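Hi,

Here is the structure I promised to send over. Have a look at it first, then read my notes below.

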Amino acid sequence: MSLKERITEDMKAAMRAKDSERLGTIRLLTAAMKQKEVDERVELDDTMVIAIVDKLIKQRKDSIEAFTKADRMDLADKESAEMKVLQAYLPARLSAEEVATEVRAIVEELGAKGPGDMGKVMGAVKTRLAGKADMGQVSAAVKAALAG
C-alpha cells in the first residue's frame, strides 16, 4: 500500500471513528497533496508525499514557536496535536550519528573539499536522505564535514 493510499484509508477510519481533530489534519494533508498534483500535473509517489508531510511539520513547528512566544498555549497545543498526526506518515528518522556517517560518505563519493562544495553535497544528500532526517540537522552535518 502506498503512503497516499494509507492516508486515504486513515481519513476514512477517522470519519468512521468521528475523530474530528485527526480527520481535520488528514484532510489538510490530502488538500496539500491534491494541490501539488494539480499545480505540477503529476501523480505523487511516496517520496513526494513525504516531502509534503515534512513541509507541513516544519510549518507546525514554526507556528508552535510563534504561539508559545505570544503565550497562546491553546493554539500551540492544537498545532502540536496536528504535528503528531503528521509525524505518523514519516519513515523512521536517522540519529545524529547516522546522519553524520551518511554525510561523510557522500562527501567522499563526490570528492568535496570545502565550503564551496556545500551546494553540490546538499543536492546529493537531499535525494538520499529525503524524509529520513531533519534537513536542519543534515545541513549542520554537511557544514561540519566540509569544515574539517
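Proline 91 counts as partly exposed, because its relative accessibility is 31% and that class lies between under 20% for buried and over 50% for exposed. Keep in mind that this is a predicted model. You'll find proline 91 in the loop between α4 (73–87) and α5.

What does proline 91 touch, leaving aside its neighbours within four places in sequence? It is in contact with Ile50 and Gly131.

Now for α6 itself, which covers residues 118–129. This helix has 12 residues and spans 16 Å from its first C-alpha to its last, close to the 16 Å expected at 1.5 Å a residue. Which of its residues are buried? They are Val121, Met122, Val125 and Leu129. If you look down the axis of α6, the buried residues fall within an arc of 100°, so they line one face of the helix. The general rule behind this is that an α-helix has 3.6 residues a turn, so residues three or four places apart point the same way.

On the other side of α6, Gly119 and Thr127 are exposed. As for what covers the buried residues of α6, that includes α5 (96–110) and α7 (135–147).

Cheers

Methods:
Residues numbered from 1 in each chain as written. Predicted model: local features only at pLDDT ≥ 70, side-chain atom pairs only at ≥ 80, totals over all residues. Heavy atoms only, no water. Helix = DSSP H or I, 4+ residues; strand = E, 2+ residues; numbered from the N terminus. Expected span 1.5 Å × (residues − 1). Buried < 20%, exposed > 50% of the residue type's maximum accessible area, 1.4 Å probe, protein only. Arc of directions from axis to C-beta. Contact = heavy atoms within 4.5 Å.
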